[in-house]
Amino acid sequence: MINKIIIKKIVLSLLRIGSAILIFVVNPIQNTRFFINFYKARNISSARVKKDVPWFNYEGRIRSLIDEGLPLLFFGNKTISSSMTGSDLFVRKDLLNRIKKLKKVYKFPQSFIGGGVFPINGITALVTLQRMMHYYQFDKIRDYFNSKDAGNRTIVEWGGGYGGLSLLLFWYFDNLTVVIRDLPNVSIMQYIYLKTHIGNNVNLIQNSDDKIQKNKINLIPTNIEIDIETDLFVSFWALSESGVDDYNKLVNNSFYGASKIQLITQMGDDKFPVSKKINVMLSDDKIVSETVPGMGNNSKYFEADVIQFIGDNRD
């Protein structure tokens, strides 16, 4: 009897290839341009990225993936799928219903770069599993700015995955500066993905003398210290998975001076001490919170004024 895990891998691989072909056929001109840009962008050298950083084993796998030549359908890589893109064949009904409504409002082009997968039970929505959660997160951020014109404001995303959410932000908003803080080699991967789609509108910070560029997506590796000021701080799972020291630094720095914070966090997972610290805030009736669709009771979204969130949490 064939192992169920092997069957799932085969089905997922077929879905990934089939989804990529379907996405390409829907918009062949645009995706041909993405395809050419991808192979140009992935030649970037990561030689200047330091290796003496936390999560070295994870970072080492990302580094190897880049040095070997980032695959076109890199979402299927085990390290990427387990930490960023997922490997589910089906999507929960509550998330699917939410996405169908949001798709009527936001018309984002679908890219086949990376190899997003259409869920078996939601293929007619023509939104990949990887983008579905980004639609949900994007809608929360859109509520904050309350306009397509962001008014020359800045958003910091702590932990940006492969860059999918920031890409939607760039495509939608005018006059918005995006900053992603992430592990050094993850920043390189984000650079490749984002440069594929938006060209020179992505700025990779390589040393502390580099400057944040307005109205672009700025990638700042966590091993580089640079002055950052923001209006909105967001982190979807990444903050709750961070180390306590990083969390305390952000609290003491008032989350780069942000006025508002939006988070998705695990519900007090023992593996992530910071998630327990964050969950203490969920008992405050003034905090806006909700269960994240598609995640059961495992994760919650919440937003708050930074002053309210910090409270007595400073060191």
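## The second largest pocket

Ile5, Lys8, Lys9, Leu12, Ser13, Arg16, Gly76, Lys78, Ser81, Ser82 and Ser87 line the second largest pocket of this predicted model, a pocket being an open set of points on a 1 Å grid over the protein atoms alone, with protein on both sides within 12 Å along at least five of seven lines, and lining residues having an atom within 4 Å of a point. The space in this pocket is about 360 Å³, where grid points are joined across faces, edges and corners and the volume is the space filled by probe spheres set on the points. Helix H1 (4–26) and helix H4 (78–85) each supply at least two residues of the lining, and H1 gives the most, with 6 residues; helices (H or I, at least four residues) and strands (E, at least two) are DSSP runs, numbered from the N terminus. By class the lining holds 2 nonpolar, 5 polar and 4 charged residues, with Ala, Val, Leu, Ile, Met, Phe, Trp, Tyr, Cys and Pro counted as nonpolar, Asp, Glu, Lys and Arg as charged, and the others, Gly among them, as polar.

The model is predicted, and local features need pLDDT of at least 70, side-chain atom pairs count only at pLDDT 80 or more, and totals for chains, interfaces and linings use all residues. Residues are numbered from 1 along each chain as its sequence is written, and side-chain values use heavy atoms, with hydrogens and water left out.

## The cavity

There is 1 cavity of 30 Å³ or more, a cavity being a set of grid points where a 1.4 Å probe fits but cannot get out. The largest cavity contains about 80 Å³ of space, and its lining includes Phe75, Gln110, Arg131, His134, Tyr162 and Tyr193. Helix H6 (residues 129–145) contributes the largest share of this lining, 3 residues, and the lining as a whole divides into 4 nonpolar, 7 polar and 1 charged residues.

## Salt bridges

The model has 5 salt bridges, each defined as a side-chain nitrogen of Lys or Arg within 4 Å of a carboxyl oxygen of Asp or Glu. Among them is a network that links Arg98, Lys140 and Glu290. The closest N and O atoms of glutamate 290 and arginine 98 are 3.8 Å apart; because glutamate 290 lies in strand E7 (residues 288–291) and arginine 98 in helix H5 (residues 93–105), this pair ties together parts that are 192 residues apart in sequence. In the salt bridge between lysine 140 and glutamate 290 the closest N and O atoms are 3.2 Å apart, and since lysine 140 lies in helix H6 and glutamate 290 in strand E7, the parts that are tied together are 150 residues apart in sequence.

Lysine 140 is buried, at 12% relative accessible area, whereas glutamate 290 is partly exposed at 24% and arginine 98 is partly exposed at 28% (buried means under 20% relative accessible area, exposed over 50%, partly exposed in between, with a 1.4 Å probe and protein chains only). Arginine 92 also forms a salt bridge, with aspartate 94, their closest N and O atoms being 3.7 Å apart.

## Residues with positive phi

Most residues other than glycine have a negative phi. Asparagine 152, in strand E1 (residues 149–158), has a positive phi of about 60° and is exposed, at 53% relative accessibility. Tyrosine 256, found in helix H10 (residues 254–257), has a positive phi near 60° but is buried, at 10% relative accessibility.
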